[in-house]
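Reader: Hey, can you walk me through this model? I'd like to go topic by topic.

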Amino acid sequence: MTKLVPASCLALAMMFSASALVIPALADGGVEFVLRSTIRVDPVKETVTLPLFRGMFNGSPVYYIVTESSDQKDADKRQVNYASKLRNALGTGAVQKVTDVGGLVTFIGTVAFASSHNLRPGPDGIPPGIAPNPQFSRGDANYSPLITTGNGIVLNASQVANASGVHDSLVSIDFTQVPAGVPGAAGEVTLSTFLGSGTGAPIMYLHMEGSREEISALEGSTFAPNLNFAPGVGSNEEDTSARSAIIPIRNGREARGDPERQGLNSFVHNQGDPLNVTQEFPQGGRYSPIWDVTIVDWTAAAIAAGERRRLVSPSDVVGEFNKGHLVGEGLGPPNPSLDGIRANDAISNCPIIIRLPGLDPGQRGTPQQNRR
């Protein structure tokens, strides 16, 4: 008998509130939907509602989203982000080979979902202190959110539900609402997001997979080590790398009421979103949601001199690094596009949803309750 998504997952379909704020694309003030397939977004609750698709794994249904395509025409057809660099991962373990018969995708890899992360700050925030429960969500040996049918196109298609449970970021599923004009859609799914910055303006982005356990524990994402086969550690080259950098600041100013608040330590101490800085933005040729994690620290001297502030762009980060105020934590290759800041040799899959100029993200967000 075909297995079904568990009752706990189906019950979530009734939880979505119709009061979520609907923001039109290209609204006054420069608000811009990047992921054009977005159905609704609520910047207060930091949630986004997207089309949900049904696939199969080993005779059982799995449910997934699509956020990027490596082909411009395909991206336009699907109304998703164009990320040409994903095709540079073809032929590596970062891309899962699937079959598509009449629009029904059959996967060779899937996820054992378990929303039981254990996130706790250490004496100095992080590290140490992030301890993933052995039962947290794990992709199997064949799982990656990057998929191809062998047609030369790579999709970013994260699985969000199956018979084992649901993704940690999942807020609700509604199978009764099938988005019009979206071929193959099986309903809609609402997911939590993080706020960050990449072009000087706040952005909302998903947190779907991490290639290291500590990343998945911190973000509330699926552990998917195969992602780290994606080429381009410490590189942002359009023709060879499948990655762009995401830059978490570990030890920024922590207090929730501080207008310069930012950082991983602040996040694990429940002061708000980490406000990571992304190197690229969709609609540019170097964008990839397969973020090359590149953590930086403020130096003790910079902290003592009162230099710490909220960083909102890659140029901000590079400027402080060149002044000697920041040091990289990574042991990977130096990234020439970031003036030599070393990568951490890890991936975080975080598709960008929307840009929200004028929003102050400083007091927003806390670690998810299922990871307390």
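Reader: Before we start, what am I looking at?

Author: This is a predicted model, where local features need pLDDT of at least 70 and side-chain atom pairs count only at pLDDT 80 or more, while totals for chains, interfaces and linings use all residues. Residues are numbered from 1 along each chain as its sequence is written, and side-chain values use heavy atoms, with hydrogens and water left out.

Reader: OK, what's the strand order in the open sheet?

Author: The order is S6-S5-S13-S12-S7, five strands with mixed pairing. Strands here are DSSP E runs of at least two residues and helices are H or I runs of at least four, numbered from the N terminus. Two strands pair if DSSP finds at least two bridges between them.

Reader: Which strands stand at the edges?

Author: S6 (81–82) and S7 (95–97) do. Each has a single partner strand, so one side of each is left without a neighbour in the sheet.

Reader: And how do S5 and S13 run, parallel or antiparallel?

Author: Antiparallel, with two bridges joining S5 (residues 68–69) to S13 (residues 155–156). Glu 68 stands opposite Asn 156 of S13.

Reader: Switching to packing: how many residues has the largest nonpolar core?

Author: It has 37 residues, and Ile 65, Val 160, Val 189, Leu 191 and Leu 206 have the most contacts inside it. A nonpolar core is a set of buried Ala, Val, Leu, Ile, Met, Phe, Trp, Tyr and Cys residues joined through side-chain atoms within 4.5 Å. Buried means under 20% relative accessible area, exposed is over 50%, and partly exposed is in between (1.4 Å probe, protein chains only).

Reader: Which strand gives the most to this core?

Author: S3, with four residues.

Reader: What does Leu 206 touch?

Author: Leaving aside neighbours within four places in sequence, the contacts (heavy atoms within 4.5 Å) of Leu 206 include Ile 65, Leu 191, Cys 350 and Ile 353. There is also a second, separate core of 34 residues, with Ala 83, Ala 224, Val 293 and Ile 352 among them.

Reader: Now helix H6. Which of its residues are buried?

Author: In H6 (residues 314–322), Pro 314, Asp 316, Val 317, Val 318 and Glu 320 are buried. The strands that those residues pack against are S22 (244–247), S23 (277–278), S25 (296–298), S26 (326–328) and S28 (341–342). After H6 comes Gly 324, with a positive phi near 85°.

Reader: Charges next. How many salt bridges does the structure hold?

Author: Twelve, where a salt bridge is a side-chain nitrogen of Lys or Arg within 4 Å of a carboxyl oxygen of Asp or Glu. One of them joins Arg 243 and Asp 292, with the closest N and O atoms 3.0 Å apart. Arg 243 lies in the loop between S21 (222–223) and S22, and Asp 292 in S24 (residues 290–293), so the pair ties together parts that are 49 residues apart in sequence.

Reader: Are those two buried or exposed?

Author: Arg 243 is buried at 0% relative accessible area, and Asp 292 is buried at 0% too.

Reader: What about Lys 323 and Glu 320, how are they joined?

Author: Their side chains form a salt bridge at 3.7 Å, N to O. Lys 323 is exposed at 56%, whereas Glu 320 is buried at 3%. Salt bridges with shared partners put Arg 309, Asp 316, Glu 320 and Lys 323 in one network.

Reader: And Asp 76, what does it pair with?

Author: Arg 36, with the closest N and O atoms 3.4 Å apart. Asp 76 is in H2 (residues 72–78) and Arg 36 in the loop between S1 (32–33) and S2 (40–42), 40 residues apart. Asp 76 is partly exposed at 35%, and Arg 36 is partly exposed at 38%.

Reader: Oh, and the largest pocket: how much space lies in it?

Author: About 620 Å³. A pocket is an open set of points on a 1 Å grid over the protein atoms alone, where a 1.4 Å probe fits, with protein on both sides within 12 Å along at least five of seven lines; lining residues have an atom within 4 Å of a point. Points are joined across faces, edges and corners, and the volume is the space filled by probe spheres set on them. Of the 26 lining residues, Phe 53, Arg 78, Asp 100, Leu 155 and Pro 183 are the closest to its centre.
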